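Here's a quick briefing to read alongside the structure. Have the viewer open and follow along.

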Amino acid sequence: MSTDGRTALRNVRVFDGKRLGEPRTVVIDDALIGDDPAGAEEIDAAGAALLPGLIDAHVHLHDPGNLAALAAWGVTTGLDMACWPAERVASLRETEGAADFRTAGLPAIGPGGHHARMPGMPPEAVILTAADARRHVEARAAEGVDYIKGVAEAPGEGGPPADALRALVEAAREYGLKTIVHAATPGAYTMAVESGAEFVTHTPIVGGVRAHDVAAMRSAGQRSIPTITMMEALLTAFMTSGPPPRRADHLGEVLGDVGRLHRAGVEILAGTDANAGPSAPLPVPHGESLHHEFELMARAGMTPVEILRSATVLPARAFGLADRGAVRPGMRADLLLVNGDPTRDITATRDIRAVWCAGHPVTPATAREP
């Protein structure tokens, strides 16, 4: 970089949320995108594609290495869906030169189900009543979380009662916070939709999303974060035997659900459930998994442009990240430079030439000289 912290990227084709433009110059001015190339160090990108830094709308963070791995794959923002205690979150916020993140902190769960059996899950995570839900939101807000996470289970399977989930969403709104609700079965999905949460994360691996839930989500403007990558991992781990194996059939059902939601007009955000902590059900690598998620989304019927939007402008808008998700002067200099044309071939996002997190250059996982 130049001595004043400015770099001019010459001959880049910028993704503007709809298409790649003609080659032009983009200036990195310290942590922001600038508009004056005079005196800046120049890099000739030779027509490479410049994307806003990618946003993974569902990750789990455990240590600074997770943030470094995200950045190395061009994922400059991770939306964490459960990280505690508050001291760990505060420590992660001090990480420099890696991906930025937002977090839900401690999730709200029921007394049964998988999450209640996770090692280290504190009893205060359990909500059974509307009063519990309000106390949970009050405590998370005091910790400075960015949104609230709830975990729905099908009726009778140990999750929070329906009225507690609805109270969680209502209390979050009183604090100006949005709510994401986990739902991995058809019954849980219905509860998540009926809770009124702004986001429903995951897609059932068996049984599918019910038609009335698709319609209700579209009517209410709720968004889906399917995490197809995690659903595929679960199918690989738990459905590899039997006469005959049904893993491919069930993955087809998941992809079909994502396609139905998308065709119905439900906004889809790209998320992976990337995790590497000791209590993780199945490891999903940070960063690289988002590119795999893109490939699965394409199999579900989404176009490359729609997929790119699902990991840039759409999550930035949905989560109120007004300083990112686009390449414009004044925005945060979170940038991903790739070879090829990802608006035509989504696998081009893997061919990374350079990454910047708030203007800080990061060594790519697939390093090439720009």
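This is a predicted model: local features need pLDDT of at least 70, side-chain atom pairs count only at pLDDT 80 or more; totals for chains, interfaces and linings use all residues.

Two spots are worth a look: an aromatic cluster made up of Tyr147, Phe199 and Phe319, and an open sheet of three strands, S6, S7 and S8.

**Aromatic pairs**

- The count of aromatic pairs comes to two.
- One of them is Tyr147 with Phe319, where the ring centres sit 5.3 Å apart and the planes make an angle of 65°, an edge-to-face arrangement.
- Tyr147 comes from the loop between helix H3 (130–143) and strand S9 (148–151), while Phe319 comes from the loop between helix H11 (313–318) and strand S13 (335–338), so this pair ties together parts that are 172 residues apart in sequence.
- Phe199 and Phe319 also pair up: their centres are 4.3 Å apart and their planes are at 10°, so this one is stacked.
- Here too, distant parts of the chain get linked, as Phe199 is in strand S11 (residues 199–201) and Phe319 is in the loop between H11 and S13, 120 residues apart.

- Tyr147 and Phe319 are both buried.
- Phe319 has a relative accessibility of 13%, and it counts as buried because the cut-off is under 20%.
- Phe199 is buried as well, with a relative accessible area of 0%.

**The three-strand sheet**

- The strand order is S6-S7-S8, the sheet is open, and the pairing is parallel.
- Strand S6 (54–59) and strand S8 (100–103) are the edge strands, each with pairing on one side only.
- From one strand to the next, the twist averages 20°.
- If you zoom in on strand S7 (residues 75–80) and S8, you'll find them paired in the parallel sense over four bridges.
- Asp80 stands opposite Thr103 of S8.

**Helices on the sheet**

- Helix H1 (residues 64–72) lies across S6, S7 and S8, and runs at about 135° to S7.
- Helix H9 (residues 288–299) lies across S6 and S7, and its direction is at about 90° to S6.

How values were computed
Residues are numbered from 1 along each chain as its sequence is written. Side-chain values use heavy atoms; hydrogens and water are left out. Rings of Phe, Tyr and Trp (its six-membered ring) pair if their centres lie within 6.5 Å; planes under 30 degrees apart count as stacked, over 60 as edge-to-face and the rest as tilted. Buried means under 20% relative accessible area, exposed over 50%, partly exposed in between (1.4 Å probe, protein chains only). Two strands pair if DSSP finds at least two bridges between them. Axes are lines fitted to C-alpha atoms, for helices over the stretch in contact, and angles run from 0 to 180 degrees between N-to-C directions. Contact means heavy atoms within 4.5 Å.
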